[in-house]
Amino acid sequence: MSPVDPFASLEQIHRALESGDLTSQALVRMRLDRIERFDPVLHAYMDVYADAAMSAAQAADRLRAAGVVLGPLHGITVAIKDLFDIAGRPVTHGSKSRPARIADHTATVVNKLQGAGAIVLGKTHTVEFAFGGWGTNASFGTPRNPWDMRTHRVPGGSSSGSGVAVAAGLACAAIGTDTGGSVRIPSSLCGLVGLKTTLGLVSRDGLMPLSATLDTVGPMTHTVRDAAWMLDAIAGPDPRDPSSLQAPVRSVLARLDAGVKGMRVWAMPDEERDGVHPAVLAAYDAALQALEGLGALVVRRPLPKRCADYMQINGGIMSAEGYANLGDICERDDLQVDPYVRRRVLLGRDIRAFEYIRLLKAREQARAEMAAAMDGADVLLLPTTPLPAVPLAEVDQTTSTLAHFNRMANLMNLCSVAVPAGFSSEGLPLSVQFVGRGWDEPLILRAAYAYEQATRWHERRPEGLA
């Protein structure tokens with residue numbers, strides 16, 4: 001590895017910084033140079049904090065020279081989805097419907113990263129109000145998937161810019177949000193690891209709410225170990241977010257190497273294979289076979305409900321709560337709002353109070369059914385997205401195709417990690433996800449790490465971005 005390899009893992013960069021082969025200033029300069037070179041085409045960043053990042057890098061190097069290291073993220077660069085407040089910085093939530101607001105407070109997750117020594121490079125693009133899975137944005141423009149520099153393909157959403165920034169080597173890691181797949185979908189399409197955390201594990205303080213019942217915060221990285229490093233830095237209780245007060249204080253990094261021998265892996269039922277791209281199915285079957293080869297025990301049984309049923313319940317809650325948060329904006333024809341985002345929000349207007357309560361009851365029933373069904377399994381293995389990245393010109397905004405296998409985890413407050421699982425004949429990333437019970441991040445990351453180390457799909461890089 002070159003000391004400034006743009007696709008190096010957090011662990012590799014940490015070692016280079018620790019040994020003196022790399023400085024934080026050199027790392028930040030390299031990232032800023034790459035942003036200047038590639039981002040005019042890739043469109044990952046909403047705002048770049050070049051001067052502040054260089055100042056932070058100088059401070060990080062001075063501390064290190066004095067023998068003070070704040071943690072494994074000390075001097076490492078990260079990007080933040082433009083849904084989070086950073087004091088003194090504008091936040092748009094991906095929308096031109098109102099002037100950018102200058103935040104007077106820094107979100108807890110950003111404070112924790114900076115407290116661990118990470119350097120924030122800037123804010124990344126998002127689907128408007130984080131309400132969409134394709135990664136498109138009619139107001140600010142759609143980031144380009146870096147795995148195809150000839151055809152503009154979707155990056156996945158809603159954490160679109162975060163996925164592109166990491167996949168293209170424009171940041172070491174990034175923070176996204178996941179309400180119905182918005183960390184895992186762009187991770188799938190961009191060849192990354194994306195962790196959907198249990199609601200309450202990571203504080204949502206300083207985050208624009210879409211759906212309080214479903215919103216979660218998680219990292220997007222090159223490797224599973226990187227995701228564990230990031231999670232250890234950002235997880236834990238926060239008095240500013242009551243939903244996080246029961247979060248466990250633990251290290252997930254320490255448990256990665258235990259392997260999957262004897263682990264019970266619940267395989268996707270055959271009825272869920274309908275409509276899934278053949279390349280995705282082939283990658284999924286190969287992943288299942290690889291896990292068996294590592295000593296995992298495959299469990300075959302139906303899901304309590306179809307993924308489409310979970311999609312419907314999740315979508316209803318998202319629309320109802322989205323309308324409660326955003327209806328006043330989307331009702332106004334004089335404000336500039338992506339027409340498809342407006343449509344999704346306004347669907348919630350027709351959900352009456354008793355229907356919303358029924359949706360919440362259906363959620364609780366689904367959670368109870370899944371808890372019983374998982375008595376015989378440790379993790380559930382699913383594709384992350386049913387197809388690889390499609391050209392932007394072919395997107396059907398009336399569907400939520402990419403979220404098909406994702407919304408169930410949000411609905412039932414499960415945790416899930418997406419990992420690279422191969423490539424299509426066109427050279428586009430494919431992905432599988434390990435889904436576990438709430439708070440079971442150590443277990444799903446352990447399974448994902450064993451699979452990642454056995455397959456090495458994460459080591460492949462996009463062409464033309466060296």
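Predicted model: local features only at pLDDT ≥ 70, side-chain atom pairs only at ≥ 80, totals over all residues.
View 1. Helix α2 spans residues 24-42 and has a kink of about 40° at glutamate 36, shortly before proline 40. Among the buried residues of α2 are Leu27, Val28, Met30, Arg31, Leu32, Ile35, Phe38 and Leu42. Ser24, Arg34 and Asp39 are also buried. The buried residues of this helix pack against the helices α1 (10-19), α3 (50-65) and α5 (160-167), and against the strands β1 (45-48), β2 and β5. Just after α2, histidine 43 adopts a positive phi of about 65°.

**View 2. Strand β2 and its two parallel partners.** Strand β2 covers residues 77-81, and five of its five residues are buried, so the strand is largely enclosed by the rest of the structure. Both of its faces are covered: Thr77, Ala79 and Lys81 are buried on one side, and Val78 and Ile80 are buried on the other. Strand β5 (residues 119-124) pairs with β2 in the parallel sense over five bridges. Strand β6 (residues 173-178) also pairs with β2 in the parallel sense, over three bridges. Valine 78 has a partner in each of these strands: valine 120 is its bridge partner in β5, and alanine 173 stands opposite valine 78 in β6.

**View 3. Strand β7 between antiparallel pairings.** In strand β7 (residues 193-196), Val193 and Leu195 point one way while Gly194 and Lys196 point the other way, and all are buried. Strand β8 (residues 216-221) runs antiparallel to β7 and is joined to it by two bridges. Within β8, methionine 220 is the bridge partner of glycine 194. Strand β12 (residues 415-423) likewise runs antiparallel to β7, with three bridges between them. Serine 416 in β12 stands opposite lysine 196.

**View 4. The nonpolar cores.** The largest nonpolar core holds 112 residues, of which Leu113, Phe434 and Leu445 touch the most other members. Setting aside residues up to four places away in sequence, leucine 113 touches Leu73, Val78, Ile80, Ala118, Ile175, Met230, Ala233 and Ile234. A second, separate core of 28 residues includes Val28, Tyr45, Ala171 and Ala174.

View 5. Rings of Phe, Tyr and Trp pair if their centres lie within 6.5 Å. By this rule, three aromatic pairs are counted. One of them joins phenylalanine 434 to tyrosine 451 in a tilted arrangement, with 6.2 Å from centre to centre and 55° between the planes. Phenylalanine 434 belongs to strand β13 (residues 429-436) and tyrosine 451 to helix α13 (residues 441-455), so the pair ties together parts that are 17 residues apart in sequence. Phenylalanine 434 is buried, with a relative accessible area of 0%, and tyrosine 451 is buried as well, with a value of 1%. Elsewhere, Trp147, Phe423 and Trp457 form one aromatic cluster.

**View 6. Arginines over aromatic rings.** Arginine 89 lies over the face of tyrosine 49, at 3.9 Å from the ring centre. Arginine 301 lies over the face of tryptophan 266, where the distance from the ring centre is 5.7 Å.

How values were computed. Residues numbered from 1 in each chain as written. Heavy atoms only, no water. Phe/Tyr/Trp six-rings, centres within 6.5 Å; stacked < 30°, edge-to-face > 60°. Helix = DSSP H or I, 4+ residues; strand = E, 2+ residues; numbered from the N terminus. Buried < 20%, exposed > 50% of the residue type's maximum accessible area, 1.4 Å probe, protein only. Lys NZ or Arg CZ within 6 Å of the ring centre and 35° of its normal. Core = buried A, V, L, I, M, F, W, Y, C linked by side-chain atoms within 4.5 Å. Contact = heavy atoms within 4.5 Å. Pairing = 2+ DSSP bridges. Bend = angle between axes of the 7 residues up to and from the residue.
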